Amino acid sequence: MTADYDAVVIGAGISGMYQLHRLRGLGLRARVFEAGQGVGGTWYWNRYPGARFDSESWTYGYSFSDEILREWEWSEHFAAQPETLRYCNFVADKLDLRRDIEFGCRIESALYDDARGGWEIASTDGRRARARFLITAIGPLSAPTMPSIPGVETFRGEAYHTGTWPHEPVSFAGKRVAVIGTGATAVQAITEIAKTVGHLTVFQRTPNWCAPLHNSPIDPATQARIKATYPEIFARCRESFGCFIHDADPRKALEVSAEEREAFFEKLYREPGFGIWMGNFRDVLVNEDANATITEFMRRKIRARVNDPALAEKLTPTNHGFGTRRVPLESGYYEVYNQPNVRLVDLRETPIERITPAGVKTSAAEHAVDMIIYATGFDAVTGAFDRIDIRGREGRALREKWAKGPRTYLGLQAAGFPNLFTLVGPHNAATFCNIPRCIEQNVDWVTALLAHMRDRGYTRVEPTLEAEREWLAHVHDTGRRMLFTRVDSWMMGINRNVAGKDKRTFIVYAGGAPRYREKCDEAAAGGYAGFVFG
Ligand SMILES: Cc1cc2nc3c(=O)[nH]c(=O)nc-3n(C[C@H](O)[C@H](O)[C@H](O)COP(=O)(O)OP(=O)(O)OC[C@H]3O[C@@H](n4cnc5c(N)ncnc54)[C@H](O)[C@@H]3O)c2cc1C
């Protein structure tokens, strides 16, 4: 039997939950399909030790409900995953969301039926639904990737991917543990695991520039201040490039004296959160000479914190400057390597050849371990789309349309795919953002468009090819000046563990959230210029 809805949402993370709430507000019959057994998305799946925010907790939560803001209290400035998952469940209870969500339901295909003017959605377990509107809320970092190393299935010990971590506690005590990967997730996990592990071997291919998180509990006076100033906090986020509480310093790095620069870097290094990345001199992410100053500062910090100079060198990136890849925030990461029971294996010197029944075999040795943790991340932004067979008009596959890089208008719709909306999709500011701030913008904008259609009796919307071409040009124009576009990383669509993702492609929008919002608002104010209604 095929159930009929006005709108189907795929995914019940921060995006899908809020979108459901707003669809109900429009009076639409909406259904959410979620692969997991609960709400929360990222915070449902990523239960690995050490998982926590890089965003200040009090800037991350939803801003749309005064009641939620009043009632919810974050315990730490950077909450750990269990608390954020509790928050998501608190919101789901408050808004009574679960009655319209089907859990344990992975959507495998979504086909547009031109004759009926709607989408036919099917799940892997045979559930079917039909809806006029399809809204993907499937997450920018929700398609975990395993490394393409032979022999993974032959390992006889415990093996976990950080993005699908078990719900039961995992003990490291007395065990020999291998962690493969040194990205943001690995940095959090390694630091936590090192506290109790028997012996830890970290397999590193590309070191990253990690900066201190400086987490702390929120004391009652601060809690009261946060609650009293939420409007100001969100207003400040709204105006900053990435919707963080941190925004670039108006000065340029080389326009101040060396002493002043050093003092500013020191100050940022001692402060909590992404200030050192998002609140640095305004040219450090766009000018190579400016970038070299902060990169050199960070290099000295690693040398000062790691006792063994040779090890410090291995932990120091050589192929990219600070901030040109996602900056992991850490709480004692470098000191882990001063522990006698922790070893770093540099895969640039001795690559992994295979996983064996006993452990990890590199070109130099076999490392016997009891547990392997794959901290190998995600097929970012487009990965979750690639895992669904989405077909638009005339059966055209979205995968095919995006094979050489995504093409969208405003990162929210694609020509040839009527009535499909892609929250936090490629070329959308939400991909480079304190994400819930951009999620709320995405959802509010889509909701307003649906209301516009309802009021005028439209049943179909799709962008023009011209609008799509212009958006692509804008994405490239605004992104090009950023240094990160000259570096291989997931932000540039590179994932060596996924076939075909070895060429740099713009997948994010790096023009900044305020500019993006302006573009979206302009389109709406102009009667949704660039869209065709039917
Ligand atoms: C470890 C980690 C830490 C992070 N920390 C921060 C941070 O500090 N600040 C920040 O701004 N962002 C952070 N992020 C990014 C984070 O993903 C976003 O903040 C936000 O949670 C995204 O919400 P979402 O609802 O768009 O996507 P998700 O939370 O990823 O939810 C997507 C949901 O869609 C479901 N889904 C996907 N495909 C299908 C399918 N085919 N069928 C059915 N269901 C499907 C998934 O199961 C998932 O539950 C972090 C990400 C990770 C992985």
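**Exercise 1. Find which helix gives the most residues to the shell around the ligand, and describe that shell.**

Step 1. Helix α2 gives the most, with three residues. Helices here are DSSP runs (H or I, at least four residues), numbered from the N terminus. This is a predicted model, where local features need pLDDT of at least 70, side-chain atom pairs count only at pLDDT 80 or more, and totals for chains, interfaces and linings use all residues. Residues are numbered from 1 along each chain as its sequence is written, and side-chain values use heavy atoms, with hydrogens and water left out.

Step 2. Look at the nearest residues. There are 35 residues around the ligand, and Ser15, Glu34, Thr42, Ser55 and Tyr60 come nearest. A residue counts as near if one of its heavy atoms lies within 4 Å.

Step 3. Sort the shell by type. It holds 21 nonpolar, eleven polar and three charged residues. Nonpolar means Ala, Val, Leu, Ile, Met, Phe, Trp, Tyr, Cys or Pro; charged means Asp, Glu, Lys or Arg; the others, Gly among them, are polar.

**Exercise 2. Give the distance from a ligand oxygen to an N or O atom in the side chain of Tyr60, and state how much of the ligand is buried.**

Step 1. For Tyr60 the distance is 2.6 Å. For Glu34, a ligand oxygen lies 2.7 Å from a side-chain N or O atom. For Ser15 the value is 2.7 Å.

Step 2. Alone, the ligand exposes 980 Å². The protein buries 96% of that. Areas come from the Shrake-Rupley method with a 1.4 Å probe.

**Exercise 3. Classify the ring pair of Tyr18 and Phe64.**

Step 1. Recall the rule. Rings of Phe, Tyr and Trp (its six-membered ring) pair if their centres lie within 6.5 Å; planes under 30 degrees apart are stacked, over 60 edge-to-face, the rest tilted.

Step 2. The whole structure holds 39 aromatic pairs. In this one, the centres are 4.5 Å apart and the planes at 25°, and the pair is stacked.

Step 3. Tyr18 lies in helix α1 (residues 14–25) and Phe64 in the loop between α3 (57–60) and α4 (66–71), so the pair ties together parts 46 residues apart in sequence.

Step 4. Check exposure. Buried means under 20% relative accessible area, exposed over 50%, partly exposed in between (1.4 Å probe, protein chains only). Tyr18 is buried at 3%. Phe64 is partly exposed at 26%.

**Exercise 4. Classify the ring pair of Phe385 and Trp402.**

Step 1. The centres are 5.3 Å apart and the planes at 65°, so this pair is edge-to-face.

Step 2. Phe385 is buried at 3% relative accessibility. Trp402 is buried at 7%.

Technical notes. Helices (H or I, at least four residues) and strands (E, at least two) are DSSP runs, numbered from the N terminus. A polar contact is a pair of N or O atoms within 3.5 Å; within protein, one must be able to donate a hydrogen and the other to accept it, and residues adjacent in sequence count only if both atoms are side-chain atoms.
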